[in-house]
Amino acid sequence: MNKRARFDDSSKAVVNFLKREVGEISTRNFANRLGALEDLVLRLGLLRKLERHKGCVNTVSFNAAGDVLVSGSDDRRVILWNWEAGQVEISFQSGHNNNVFQAKFMPYTDDRSIVTCAADGQVRHAQVLNGGRVETSLLGSHQGRAHKLAIEPGSPYIFYTCGEDGLVQRFDLRTGAAVELFTCQSVGNRAGYMSTVQLNAIAMDPRNPNLVVVAGSDEYARLYDIRKCGGEGSTSTDSGKPADCYCPPHLIADEQVGITGLAFSELSELLVSYNDEYIYLFNRDMGLGPNPNAVSPVSLSSDTSEMGAEKVVNCTPQVYKGHRNCETVKGVNFFGPKCEYVISGSDCGRIFIWRKKGGELIRVMKADEDVVNCIEPHPHMTMLASSGIESDVKIWTPNSRHRATLPEKIEQNPKPRGWMHRLALPEEVMMQLFSLRRRRNSNPVRGRENSTPNRDILELIMTFSNSNSDGSSDYNAGDAAED
């Protein structure tokens, strides 16, 4: 009996090359197959360091063509790099008063339009003029830090931001106006006074620009239909209500976890990175519905019917383990031409790469002396850019002559939970007061019905006092080192 021959990645590359030459596969399919080869992932090595910043680099992002990289840092500067030559194209002051947390190119603008958000809560627009001169302008702000922004797919004008005030805003560069869409609220009354979810991450579905997902200081990733949130065409009933919520069954009602990173694949799969926990991959049909308070771990586990068992299976996402996410607000991403891999940084200063299908860890790379926070895949090549606590940006390409193997000891011991849920800073107390005032102004009748100002302030003070009674200082990482 003849056994079917098995091919390694090198053999597959040769076969695919021959098929392309005789026309059996298209050039595009050939590029996709080549870029997804695990052999290339295992040969990733450090190409160069981009050194010019004078503080932690909190954000890295490629332009659409992939030849220019933009980075932002604690030094409040934004730099445009020719990463292949290792040279600075443009460097300018962002206009922010605190650490730059994210900077992105707006598409179809010839890389002349860049939007940023930062620890000062500001959302700004930078325009690159002729001769390399840059003008920046303030578009809007959040009460508290603004960690992330998301650009509407294919739009050179519209993008969305989220902040620790729980607010999601939409910006249109044609008018320069900001629209407050909704303030993210916690589920039920479990969190007591702290009804506002402090948002760390936002992402848009690449297949449907009407869908945006946000997440932060509780266990749920919330999916919203922005057509029903704020602005024209929305109703008071629909506004601020999620279309769906996502959470692993065992983390439902867990008050000690929060979410630091989100990412959509080209198939609308959702990656969610939890602090002090793992990374999970959700399909669209794994949602818990708009009211996850009605679904509890007890109800899921106690339902032994066939339909109930099917529901539990459908709600169980793929998990990715091995890294540690305790110290900072880390992102998560897909890698590969068709999102074949999952990538994340870690508190141990390494990059982790898993196969998306099955969740097997295949690669670990040392990338920072402290913490790796950002990993950005190149839009067309098997290449990565990473950054973290160190003041440089690292470029990774498959330049190694040998395939890497996993180290013997990888699993990280998590630190005590709770850094995302303590009110350790006075400005965070003020942020909650601002959020409370915004909700009352938007719905004064409801505010009078539910509580009085004095009682709300008293509950806030008690929450602040109780959350700091243990004398711990877990939040120190959030002061100086965001992403």
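The legends below accompany an overview and several close-up views of one predicted model.

In this predicted model, local features are described where pLDDT is at least 70 and side-chain atom pairs count only at pLDDT 80 or more, whereas totals for chains, interfaces and linings use all residues. Residues are numbered from 1 along each chain as its sequence is written, and side-chain values use heavy atoms, with hydrogens and water left out.

**Figure 1. Overview of the protein chain, with nine helices and 28 strands.** Helices (H or I, at least four residues) and strands (E, at least two) are DSSP runs numbered from the N terminus. Of the 483 residues of the chain, 53% count as buried, where buried means under 20% relative accessible area, exposed over 50% and partly exposed in between (1.4 Å probe, protein chains only). Among the contacts in the chain with a separation of 6 or more, 56% are between residues 24 or more positions apart, a contact being heavy atoms within 4.5 Å.

**Figure 2. The largest nonpolar core, with 25 residues.** A nonpolar core is a set of buried Ala, Val, Leu, Ile, Met, Phe, Trp, Tyr and Cys residues joined through side-chain atoms within 4.5 Å. The members that touch the most other members are Val213, Ala221, Leu262, Leu270, Val272 and Tyr274. Two or more residues are contributed by each of β14 (199-204), β15 (211-216), β16 (221-225), β17 (244-246), β18 (259-264), β19 (270-274) and β20 (279-282). Leu262, when residues up to four places away in sequence are not counted, touches Ala201, Ile202, Ala203, Val213, Val214, Ala215, Ala221, Leu270, Leu271, Val272 and Val332. A second, separate core of 17 residues includes Ile158, Phe182, Cys184 and Val212. In soluble globular proteins, nonpolar side chains tend to be buried together.

**Figure 3. The stacked aromatic pair of Phe159 and Phe171.** The two ring centres are 5.1 Å apart, with 10° between the planes. Phe159 lies in strand β11 (residues 158-162) and Phe171 in strand β12 (residues 167-172), so the pair ties together parts that are 12 residues apart in sequence. Phe159 is buried at 0% relative accessibility, and Phe171 is likewise buried, with a relative accessible area of 1%. A search of the whole structure finds eight aromatic pairs, for which rings of Phe, Tyr and Trp (its six-membered ring) must have centres within 6.5 Å, with planes under 30 degrees apart counted as stacked, over 60 as edge-to-face and the rest as tilted. Elsewhere, Tyr320, Phe352 and Trp354 form one aromatic cluster.

**Figure 4. Leu139 and Glu135 in strand β9 (residues 134-141).** Leu139 counts as buried at 14% relative accessibility, whereas Glu135 is partly exposed, with a relative accessible area of 39%. With neighbours within four places in sequence left aside, Leu139 is in contact with Val123, Arg124, His125, Phe159, Phe171, Leu173, Gly176 and Ala178, a list that includes both members of the stacked pair.

**Figure 5. Residues lining the second largest cavity.** On a 1 Å grid over the protein atoms alone, a cavity is a set of points where a 1.4 Å probe fits but cannot get out, and lining residues have an atom within 4 Å of a point.

**Figure 6. Cys245 and the closest cysteine sulfur, in Cys184.** The sulfur of Cys245 is 8.2 Å from that of Cys184, too far for a bond, and a search of the whole structure finds zero disulfides (pairs of cysteine sulfur atoms within 2.5 Å). Cys245 is buried at 0% relative accessibility.

**Figure 7. Positive phi values at Ala253 and Asp276.** Ala253, in the loop between β17 and β18, has a phi near 70° and counts as partly exposed at 44% relative accessibility. Asp276, in the loop between β19 and β20, has a phi near 55° and is buried, with a relative accessible area of 7%. Most residues other than glycine have a negative phi.

Conventions
1 Å grid on protein atoms, 1.4 Å probe; cavity = no way out; pocket = protein on both sides within 12 Å on 5 of 7 lines; lining within 4 Å.
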